[in-house]
Amino acid sequence: MGKNVTQKLIGDHLISGDMKQGEEIGLKIDQTLTQDATGTLVMLELEAMGIERVKTEVSAQYVDHNLIQEDYKNPDDHLFLQSAAQRFGIYYSKPGNGVSHPVHMQRLGKPGKTLLGSDSHTCAAGSLGMFAMGAGGIEVAMAAAGEPVYVKMPKVWGVKLTGKLPDWVSAKDIILELLRRHGVKGGVGRVIEYYGPALANLTAMDRHVIANMGAELGATTSVFPSDEQVRHFLEMEERGEDWVELLADEDAAYDEHEEINLSELEPMIARPSSPGNVVPVREAAGEPIYQSYIGSSANPGYRDFAIVAQIMKGRSIAAGVSLDINPSSRETLTDLINTGNLSHLIDAGARLHQAGCNGCIGMGQAPASGKNSLRTVPRNFPGRSGTLDDSVFLCSPETAAASALTGKITDPRELDMEYPQIDIPKPAINNELLMHPYPYEEAKEIRLSKGPNIEAIPEFDSLPDELEVVVGFKTGDDVSTDEILAGGGRVLPFRSNLPEISKFTFEKLDKSYYERSMASRDDGGHAIIGGSNYGQGSSREHAALAPRYLGLRVVIVKDFARIHWQNLVNFGVVPLTFVNESDYDLLEQDDVIIFKNLRQSLQDSAVLTAEVKGKSSIEVEHAMSGRQIEIMLEGGMINWIKKGETQH
């Protein structure tokens, strides 16, 4: 039997393990990606590990999140990241160059390669025929140092695309339809591989939109073939020599099957406050809006902005609406200028912001309190926009543009105009804007530039044999890493200062968590009890690291989101799930949970017994591999590395 694209990519990079579902496999990583909200820790970790130079084919550091420079902290960190990139042999993309994912796709991504990034939307590079995953920063640091990355062998979910998109329906509606069908857990433990005749009409950037939001399904990654559309994209970017064909064999099989007939799709929209809360736009039509936001890594292509410009041409946005244009890259912004499309947007009343993540991560463009905001971004978790009582909808550029014209949520098919046809221009390319790695002899003389806000990662103790922990907090289902530790302009400037950033932990759900955790930190620490899909969303390891700093030792939930589960292991927090989910109802805040003979128990069995003081015992289980148990016993990956336990 032939192989699908996922099997070929994994097989070509397999270092350890067997390609059997659920088994841990080790993969060679060709490229790494970091952005400034997570890259500061990665660079500090490389320094702590004594790395002289990265060992990947390509590693790149982007500055795209923390662009607002209202004091010294962000610009100091930008200089630190630039010096670290020079020191360790890494490409550096300076502020204003754009969002990491489309810029990496334009300049550095290559079909057939693996990519590991400290950002959950790294999976967008699957649009080029790459095997690209998000991960915690320390795993990316290890990959940059030449170590393999370890994952559980996923199922391969084949999604066949047939038909052709109707007018006013675009790539965003495809992924929203998949989210409508399956919700935010639909891709857990799976790689989503797209195939079928409809791919012939989906550009590489259309595929980027779809692959990017595979993260919202909880998928390990998303994969597209490297075909003529990918070759055309790379040739347009003057990188035709990087193209290789990578197709599924004609007799390839998939573990699970799905089909989407694009001809039957209509405009879709995700209501607040989950990417899985999807309905047809016509069902939400008529609700008034305050903001319409275009951009982000989820709709980063030239056509995603040009279609809005052409809809706006000769028209004006509705009174009281803020139309926010957030270019995804400097290259795309230049193309919009050269084609006159930026003028159409500005003339219509749009507000232009610098190329970067911006409002997607709550870094500016926060909506008015309690008002509806339509966004082409990938996520609408509560408060992620920067406004605590936000009301954010996710939609396509067409729907966002139509709604900006009318002042209310509008099905774009209702506009009295023909659907604009967009021609993609030859892009404006300036390769000098991406700082290339320094030669080694020059690089080793570089000294890291550290501002006063950069603090070393504290040392953590190894796992004790007996734990007596208080339940510090109990959460419900679908708690995101944005709710565990927010992004945005107030929080992310402290990304390299753990004592300070930890003060924001769980503030959206329980403002007393920080003080209570600090009070119990030296008394054995605490546990978190959670529901299903705990830790969905961002890969930022601060959501595991900050609670660990505050004394978190154990998390017991119904089930975890993949990246956050891995981050907990990496920082020595024991991730456990209920054997009997009804035990979730037994536990309450301030209960005391006791684990005895914990170190040996983890090594002997996947199932553990814990005593709940004054109540009864419960059974919990872990899914850690033998390698991960070794990391846990040492108290986390940093201690494990220092002990010299790396496997490659």
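This is a predicted model: local features need pLDDT of at least 70, side-chain atom pairs count only at pLDDT 80 or more; totals for chains, interfaces and linings use all residues.
Local features need pLDDT of at least 70, side-chain atom pairs count only at pLDDT 80 or more, and totals for chains, interfaces and linings use all residues. Residues are numbered from 1 along each chain as its sequence is written, and side-chain values use heavy atoms, with hydrogens and water left out. Helices (H or I, at least four residues) and strands (E, at least two) are DSSP runs, numbered from the N terminus.

**Open sheet**

- An open sheet is formed by 6 strands in the order β7-β6-β3-β4-β5-β20, with mixed pairing; two strands pair if DSSP finds at least two bridges between them.
- Its edge strands, β7 (131-134) and β20 (434-435), each pair on one side only.
- β20 pairs with β5 (residues 91-93) in the antiparallel sense over 2 bridges, and serine 93 stands opposite leucine 434.
- Helix α5 (residues 137-144) lies across β3 (31-35), β4 (58-62) and β6 (114-117), and runs at about 140° to β3. Axes are lines fitted to C-alpha atoms, for helices over the stretch in contact, and angles run from 0 to 180 degrees between N-to-C directions.

- β16 (residues 322-326) is mostly covered, with 5 of its 5 residues buried; buried means under 20% relative accessible area, exposed over 50%, and partly exposed in between (1.4 Å probe, protein chains only).
- Ser322, Asp324 and Asn326 point one way from β16, while Leu323 and Ile325 point the other way.
- β16 pairs in the parallel sense with β15 (residues 291-295) over 5 bridges and with β17 (residues 351-352) over 2 bridges.
- Together with helix α10 (residues 302-312), β15 and β16 make a right-handed β-α-β unit. Right-handed means that, with the strands pointing away from the viewer, the path from the first strand over the helix to the second runs clockwise.

**Helix packing**

- Helices α7 (residues 204-212) and α8 (residues 228-236) pack at about 110°, with axes 9 Å apart, and are therefore roughly perpendicular. Angles under 35 degrees count as roughly parallel, over 145 as roughly antiparallel, 65 to 115 as roughly perpendicular and the rest as oblique.
- Ala204, Met205 and Arg207 of α7 make this contact with Gln229, Val230 and Phe233 of α8; contact means heavy atoms within 4.5 Å.
- The contact of α7 with α8 has 4 nonpolar, 1 polar and 1 charged residues. Ala, Val, Leu, Ile, Met, Phe, Trp, Tyr, Cys and Pro count as nonpolar, Asp, Glu, Lys and Arg as charged, and the others, Gly among them, as polar.
- Helices α19 (residues 562-570) and α22 (residues 626-634) pack at about 50°, with axes 8 Å apart, and are therefore oblique to each other.
- In α19, Trp565, Gln566, Leu568 and Val569 meet Gln628, Ile631 and Met632 of α22, which divides into 5 nonpolar, 2 polar and no charged residues.

**Single residues**

- Aspartate 77, in helix α3 (residues 73-88), counts as buried because its relative accessibility is 0%.
- Beyond neighbours within four places in sequence, aspartate 77 is in contact with Thr40, Ile454, Pro493, Arg495 and Ser496.
- Arginine 413, in the loop between α13 (397-406) and β20, counts as partly exposed at 36% relative accessibility.
- Not counting residues up to four places away in sequence, arginine 413 touches Asp167, Trp168, Glu266, Pro267 and Arg282.
- Arginine 413 and glutamate 398 are 15 residues apart in sequence and 9.1 Å apart in space, C-alpha to C-alpha.
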